[in-house]
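The exercises below are meant to be worked through with the model in view. Please try each task before reading its solution.

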Amino acid sequence: MDSKTTKPNIRSLLGEECIYTVHSSGLPVYFIPKDFSVNYALLGVRYGSLDNHFVFAGKEYRPPKGIAHFLEHKMFENPDGEDTFVKFSRTGADANAYTTFTRTAYLFSCSEHFEESLEILLKSCFTPYFTRENVKKEQGIIAEEIRMYEDDPFDTLYFSLMRCMYSEIELGVSICGTEESISEITPELLQNCYSAFYRPENMALCLCGNLNIDSVFPILDRILGTAPSPLPPPSVLRRSEGRQVVCPEMKIKADVALPLFAAGFKDTDISKDPVKRLRKYAAMAILFEALFGGSAEFAYQLYKDGDITGALDFEFDHNQNYSYLLLTGESPAPEKVKEKLYGYLAEIGAKGIDPIRLEGGRRIVYSQFLSTFDRTESIANEILTYVFEEQDMLSYGDLILDITDSECKALFDSIFKPEHAAFVSLYPESESEEST
């Protein structure tokens, strides 16, 4: 049986607090005060590359692939002709943006002139400016970006694995789209997607640092107004996905010095309860450290035998829309790694997981969570992740310590099934066909 002891609450242990409020426009605002020299702001939009089929204001839309990422690029162009990054340079802020499968985020960090920088960020994101000329110019820029990613072996490995695993959810399509799909993007399509998703109630503003939160709301009043949108939010139409993989194994070639490999385990058991999803995420993090982390015997033996050149990388993406586990690495012999990996998993399934290893994994994951609070950047980005998953970041530490051995064992039995796995090997182009 699992033993439980009384554990300190993470809120009292770290002395952290998260101030939450909703602006009258409908924009949620989250603020974690930290007495650091660098302040950080992040404006997140619930709009990613997978949201390419939706209904808004009674009309159905199927925009071209890559339009969420295209829209991210266009939000830095302004009617006054001055690029947003130039505006940030005058306040000394370091700004950026990114798009994922499920969200878009705009951010900046600064040590001074925070209010001025926040106004620049908000004006940029709430002042769309699309013309035929600037859209055509951006198509050329993003086409170059797509070609750059196509030449990246790690991107090739990842998206090849996603295509092996998924047939309905388009995780195998680059977030940037394709050169063909972005050529179909027009100012009208951008405006349609902007109007549907770039709405205060479909966004979140996450702040962290030594800030006066009261100074933020007059800026929001000026830029967003004080009335919520009269229209209901967009309804994204999702495809269902079975657990059967498309292709259990693929061997490809790319411009790499040593072969790369990726093992993916597909999961379709996704709870609608955000707390249950968070518990599952925590249990998987503990499992990885126990079974594959740097101090685990399996990973050490692979390295000692020369089967891998470094640590195994791990990713568990478990959200409301999809769920998968990835193990990736560099190896002179990916087939040998695959054989040893599946053999190791069968052995663990038969004899069980050492409780000592699970406790060690639990401690590592807990310490990783504590380190999140060392930087304003990591805090703000983590807040957004938890908020969009309807979860509480500050409760995660307690939850890690509450995960039982039996939960980890049940999750192992559920996830690590070879019949729901795919394995991709990426070999140097110079190697002979016989070696692959």
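This is a predicted model: local features need pLDDT of at least 70, side-chain atom pairs count only at pLDDT 80 or more; totals for chains, interfaces and linings use all residues.

Residues are numbered from 1 along each chain as its sequence is written, and side-chain values use heavy atoms, with hydrogens and water left out.

**Exercise 1.** Find which residues have the most contacts inside the largest nonpolar core.

*Solution.* Begin with the term: a nonpolar core is a set of buried Ala, Val, Leu, Ile, Met, Phe, Trp, Tyr and Cys residues joined through side-chain atoms within 4.5 Å, where buried means under 20% relative accessible area, exposed over 50%, and partly exposed in between (1.4 Å probe, protein chains only). The largest such core has 64 residues, and those with the most contacts inside it are Phe265, Leu287, Phe292, Tyr396 and Phe416. Helix H10 (residues 274-291) gives the most to this core, with 10 residues; helices (H or I, at least four residues) and strands (E, at least two) are DSSP runs, numbered from the N terminus. A second, separate core of 54 residues includes Phe31, Cys176, Cys193 and Ile213.

**Exercise 2.** Locate Ala57 and His113, and state the phi of each.

*Solution.* Ala57 lies in the loop between strand E4 (54-56) and strand E5 (59-61), and its phi is near 55°, a positive value in a residue other than glycine. Ala57 counts as exposed, at 54% relative accessibility. His113 is placed in the loop between strand E7 (104-110) and helix H4 (114-125), with a positive phi near 60°. His113 is partly exposed, with a relative accessible area of 38%.
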